[in-house]
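The sequence and the structure are shown first.

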Amino acid sequence: MMSEEKNPVPAAPEKEEKLEKVKIPGNLPVLVLRDIVVFPYMIVPLYVGRPKSKKAVDIALNGDRLILLLTQKDMNVEDPGQDELYRFGTVALIVRMLKLPDGRMRVLVQGISRVKVLAIDDDGKALQAEVVPVEDIEPEALTLESKAMIKNVRQKFEQAGKLGKSISNEILIIAENIEEPGKLADIIASNLELKIEDSQSILEEANSLQRLGKVHDYLNYEIEMLNMQNQINLKAQGEMDKNQKEYFLRQQLKAIRKELGEESENMEEIAGYLKKLDEAKMPEAARQETEKNIDRLKKMHPESAESTVIRTYLDWMFDLPWAAASKDNLNLKRARGILNQDHYGLEKVKERILEYLSVRKLTSKSHGPILCFVGPPGVGKTSLGKSIARALNKKFVRISLGGVRDEAEIRGHRRTYVGALPGKIIQELKNAGTHNPVFMMDEVDKIGMDFRGDPSSALLEVLDPEQNNSFTDHYLGVPFDLSKVLFITTANLLEPIQPAFRDRMEVIEINGYTEEEKIEIARRHLIPRQVEANGLTPRLIEFTPGALKDVIALYTREAGVRNLEREIGGICRKVAHKAAMGEKNLTKITSRNLEKYAGVPKMFRDQLLDEDSVGVATGMAWTPYGGDILFIEVKLIPGKGGLILTGSLGDVMKESASAALSLIKASAAELQLATEKFEKNDIHIHIPEGGIPKDGPSAGITLTTALISAFTGKAVKRETAMTGEITLRGRVLPVGGIKEKVLAARRAGIREIILPEKNKKDLSELKEAHIRSIRFLFVKDFKEAVNAALVEKIF
């Protein structure tokens, strides 16, 4: 155990001459120091408690009383190894030793010379070091610059003493009389209370002028610190005197008012508000408005109606998080882990959040992004917002804007109205307690509008990064900075959102989950949640992958997983009933016994045709609940060339049918079709499941193929499906929803898919496993598509 007195004392000049003549042996015992670096010619008392250190002192006392003082790098290490000791130290002479009652030694040592350690030997009892002396590199003659440096260092050392540094007059006098730059540097360094690493760097410097230069830099820093401390002390003393004076005057004023009968009944309340104002870190505009209202309250009768309004306003002002902020988690790996843990899939959204985090890690000046999650119900838009808040280590607040019609819900009511309150934005920020939460606005596509104003227009300021740093709520009447808030909005559809409002947001579409994703989500999240909610344990219920696949295909038809969770919850309740009746065995839900627990299937699987058929083509469609396949049937019946369309077709699909028929008539010569075939037959186009409305241009190529098959009598391959818009020139145009359509075709067993050439890039959204078993054909015009779809080529 080592400790030292505050100010090491330099040796007397006559002693220094004797010390310089001491011959340094090549091998010395080592005394390891915890928290001090001893310089040559310094006399320092040390306390020795560690066994190896005590042994080293004994060895030195039994010999020439010389010992090597080495400092350890980490003072908390009890038994430092060789790598934990500095390689430069000071050879010292043990002047005196005293054994203390507690077993420690008190030794008085006097530094002699710098040495460099070549090797250290540890025999388990004590450390021995092989050393070589380090001679000071002194200049041949002091230049004018060197003399100025010595004089400057002396003056600054004296100045440090005058500013309050604990330096004895004796040391100041000794320093004044030393002409050698190296010795002067050592004396001053030993009295500056430097950090161990700083003292060690001075000890290791052999060049005396460079050593003095280092000490000069540390002296400058020390004087700056002393000046700053003195200024702080003077300022604190001035504030204390001022506060005492104010307190005395206030007490006098209070007594005078009491004598005159003018003492305000709410002075304590006013004092409380003033104290809160001093503690609050409000912007200047908010502070001025608050002071103004406190002054008004001071002049009012405590029971007046207006004073209640002002009190409520002041409470709101003091409760708002003007400066309170949560510290962002900028650990990208942890954030990615949280997002992956909470949500399976949704890679685009996760990447966007990680991009935002990356920018925040590089600069704090960036505005928070304003994201809009658009997708069908149940795909996890709201829960994704909660995960984002957890990943960023931010507070999460949420408001629902569905059905909101009053602009005051956003901007707040003016204080002139009875019962006025701030808007939802300010209210939720108060609840969050920070000015940088994740703020989710649900159902922005369902905002209403009437004579009370347009909430969508009010939100334009909130969601504009260039304006929301000074958002003014009508109730507060002062700007509030919303630029640090991470706004996230959700919607089911983009079309109802006002264009200017939509322009403020970065739209991220969440189209829904594939069957594989739903299985994984059910396994990771839905089943554990429902098992726990229904009082079960994994020992009582287990779902096989086949059972989950059947629940998804036969009992739900949705883009999200909300109904899937309901179905799983229903199965869990059946098993919970069994367990409550005493049947505590494991219940394994499989494809075979699923109907027993989930009831009769509510849906039917998409199935292919039994054989290649004439006039029947397989198309692919996109729905809000995912992809689907549909069959387009064409029959020629005797008539007068009319076109009959059935199956709840929309206007766009009816136009596609007309365009397909016109294209075939224009290509009659190439198809070797007689004109009479068009004039003497009615064409009936039907799409089964007539109760379901169908619309969109994607069926153009499928309609054309089915019509040509009916007119030529050539069958269409049953395992081929297609999608694409058709033009009167026969070009096949790209369409959307490729991912969902391909997955639907895969579920139905399709082996070949015909797509427009420009949709080739969309396959990148699909995993390799999803498209491995399917052959894709990319076409530019209808002739290529028809040749690929029919069992026999006709072009």
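Aspartate 503 is exposed, with a relative accessible area of 62%, where exposed denotes over 50%, buried under 20% and partly exposed the range in between (1.4 Å probe, protein chains only). This residue belongs to helix α17 (residues 499-503); helices (H or I, at least four residues) and strands (E, at least two) are DSSP runs, numbered from the N terminus. Between aspartate 503 and leucine 463, which are 40 residues apart along the chain, the C-alpha separation is 9.8 Å.

The model is predicted, so local features need pLDDT of at least 70 and side-chain atom pairs count only at pLDDT 80 or more, while totals for chains, interfaces and linings use all residues. Residues are numbered from 1 along each chain as its sequence is written, and side-chain values use heavy atoms, with hydrogens and water left out.

## Further single residues

Glutamine 252 is located in helix α7 (residues 208-260) and, at 38% relative accessibility, is partly exposed. Its C-alpha atom is separated by 87 Å from that of lysine 596, 344 residues apart along the chain.

Two residues deserve mention for their backbone torsions. Most residues other than glycine have a negative phi. Asparagine 393, although not a glycine, has a positive phi of about 65 degrees. Asparagine 393 sits in the loop between α13 (381-392) and β9 (396-400), and its relative accessibility of 43% places it in the partly exposed class. Glutamate 443 is likewise not a glycine and has a positive phi, of about 60 degrees. The loop between β10 (438-442) and α16 (455-462) contains glutamate 443, which is partly exposed with a relative accessible area of 25%.

## Salt bridges

A search of the whole structure finds 31 salt bridges, a salt bridge being a side-chain nitrogen of Lys or Arg within 4 Å of a carboxyl oxygen of Asp or Glu. Three of these pairs are listed below.

| Salt bridge | N to O distance |
|---|---|
| Arginine 154 and glutamate 179 | 3.4 Å |
| Aspartate 295 and lysine 298 | 4.0 Å |
| Aspartate 445 and lysine 446 | 3.3 Å |

The salt bridge of arginine 154 with glutamate 179 links distant parts of the chain: arginine 154 is in helix α3 (residues 144-162), and glutamate 179 is in the loop between α4 (169-176) and α5 (181-190), 25 residues apart. Arginine 154 is buried at 14% relative accessibility, whereas glutamate 179 is partly exposed at 47%.

Aspartate 295 and lysine 298 both lie in helix α9 (residues 284-298), three residues apart, about one turn of the helix. Aspartate 295 is partly exposed, with a relative accessible area of 38%, and lysine 298 is also partly exposed, at 35%.

In the remaining listed pair, aspartate 445 is buried with a relative accessible area of 11%, and lysine 446 is partly exposed at 38%. Elsewhere, salt bridges that share partners join Arg114, Asp136, Asp186 and Arg211 into one network.

## Helix packing

Two packed helices are described by the angle between their axes and the distance between the axes. Axes are lines fitted to C-alpha atoms, for helices over the stretch in contact, and angles run from 0 to 180 degrees between N-to-C directions.

How are α3 and α4 oriented relative to each other? Their axes are 10 Å apart, and the packing angle is about 170 degrees. The two helices α3 and α4 are therefore roughly antiparallel (angles under 35 degrees count as roughly parallel, over 145 as roughly antiparallel, 65 to 115 as roughly perpendicular and the rest as oblique). Arg154, Phe157 and Glu158 in α3 are in contact with Ile171, Leu172, Ala175 and Glu176 in α4, contact meaning heavy atoms within 4.5 Å. By class, this contact of α3 with α4 comprises four nonpolar, no polar and three charged residues. Here Ala, Val, Leu, Ile, Met, Phe, Trp, Tyr, Cys and Pro count as nonpolar, Asp, Glu, Lys and Arg as charged, and the others, Gly among them, as polar.

Helix α18 (residues 515-533) packs against helix α20 (residues 562-580) at an angle of about 45 degrees, and their axes are 10 Å apart. That angle makes α18 oblique to α20. Lys518, Ala522, Leu526, Ile527, Arg529, Gln530 and Val531 in α18 meet Leu564, Glu565, Ile568, Gly569 and Cys572 in α20. The contact of α18 with α20 divides into seven nonpolar, two polar and three charged residues.
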